[in-house]
Amino acid sequence: MSVMVDIRSVHKSFGSLEVLKGIDLSVRAGEVTVVLGPSGSGKSTLLRTVNHLEKVDRGAISVDGELIGYRRSGDRLYELPEREVLRQRTRIGFVFQNFHLFPHLTVLDNVVEAPVSALKRPRGQAVEAARRLLERVGLAEKADAYPRQLSGGQQQRVAIARALALEPRLLLFDEPTSALDPELVGEVLDVMRDLAGQGTTMIVVTHEIGFAREVADTVVFMDDGRIVEQGPPGDVLDRPREERTKAFLSKVL
């Protein structure tokens, strides 16, 4: 399989706080990479650099062979115009922790908005595709509802449908279940399992160890802005080599 995401020597600081300290990571097309680690380890920041929501200070990120956020000229990188960055983001779906749905739009219109505005698709075509996606996430009957009328799990499933509406090459999930009541977590993870089973390339930041064990091709453990350990779930979760990984897992398993 070809490499879908290639992260090379990525550094990121906020003022004097160095959050990412030289991250190297590759994700192959059709694979699921789950990123684990304590709060403040840099997981969410790493995810946000992949679609240029955060600019890297050093290093480079490519998705499907395209350099994200920059163009290269010789040995130097130059930042792309905002319109080019927005074009790149249409190919990288992002599902946030707190849903980020438009409260004044119906469920259907939340899913339709991006294909119509960003991809300039005819509304009729976008509506037809949106209804198929809502069916896929089990919410066809909620098309005319508003976000306030949905549970948190339902809102997150709408957010997943909205990300899929752009037909992205890559899906990023930033702790998609952490804002949900425990009884609602399963319905979101079921949709993500279905996506993984269909060969969707995904990077998932989560604390759901069971999901990582069941679905991930690669588990990455981060701490203090670095990748401490990575490998198949059976190795990292059941036979970790690094003491820091062992200490973290002893508290969450």
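1. Leaving aside neighbours within four places in sequence, Phe173 is in contact with Leu47, Val95, Ile160, Met192, Leu195, Met202, Ile203, Val204 and Val205; contact means heavy atoms within 4.5 Å. The model is a predicted one, in which local features need pLDDT of at least 70 and side-chain atom pairs count only at pLDDT 80 or more, while totals for chains, interfaces and linings use all residues. Residues are numbered from 1 along each chain as its sequence is written, and side-chain values use heavy atoms, with hydrogens and water left out.

2. Phe173 belongs to the largest nonpolar core, which has 51 residues; Ile160, Phe173, Met192 and Met202 touch the most other members. A nonpolar core is a set of buried Ala, Val, Leu, Ile, Met, Phe, Trp, Tyr and Cys residues joined through side-chain atoms within 4.5 Å. Buried means under 20% relative accessible area, exposed over 50%, and partly exposed in between (1.4 Å probe, protein chains only). Another core, of 30 residues, lies apart from the largest one and includes Val27, Val35, Ala60 and Val205. In soluble globular proteins, nonpolar side chains tend to be buried together.

3. The protein has 9 helices and 12 strands. Helices (H or I, at least four residues) and strands (E, at least two) are DSSP runs, numbered from the N terminus. The radius of gyration is 18 Å, close to the 18 Å that the globule rule gives for 253 residues, so the protein is as compact as a globular protein of that length. That radius is taken over C-alpha atoms, and the rule is 2.2 Å times the number of residues to the power 0.38. Of the 253 residues, 53% count as buried. Among contacts between residues at least 6 apart in sequence, 64% join residues at least 24 apart.

4. The unreviewed UniProt entry places the feature "domain: ABC transporter" at residues 5-249. UniProt positions are given in the numbering used here, feature names are shortened, and annotations may be inferred rather than shown by experiment. Over residues 5-249 the chain is 37% helix and 28% strand, with the end C-alpha atoms 26 Å apart.

5. Strand S3 (residues 32-36) is mostly covered, with 5 of its 5 residues buried. Val32, Val34 and Leu36 lie on one side, Thr33 and Val35 on the other. S3 runs parallel to strand S10 (residues 202-205), joined by 4 bridges, and Val32 stands opposite Met202. S3 also pairs in the parallel sense with strand S11 (residues 218-223) over 4 bridges, where Thr33 stands opposite Thr218. Two strands pair if DSSP finds at least two bridges between them.

6. An open sheet of 4 strands has the order S2-S1-S4-S5, with antiparallel pairing. Strands S2 (17-28) and S5 (66-67) stand at the edges with a single partner strand each, so one side of each is left without a neighbour in the sheet. S5 pairs with strand S4 (residues 58-63) over 2 bridges, and Glu66 in S5 is the bridge partner of Val63.

7. Helix H1 (residues 43-50) lies across strand S1 (3-14), S2 and S4, running at about 60° to S2. Axes are lines fitted to C-alpha atoms, for helices over the stretch in contact, and angles run from 0 to 180 degrees between N-to-C directions. H1 is mostly covered: its buried residues are Lys43, Thr45, Leu46, Leu47, Thr49 and Val50. Just after H1, His52 takes a positive phi of about 70°.
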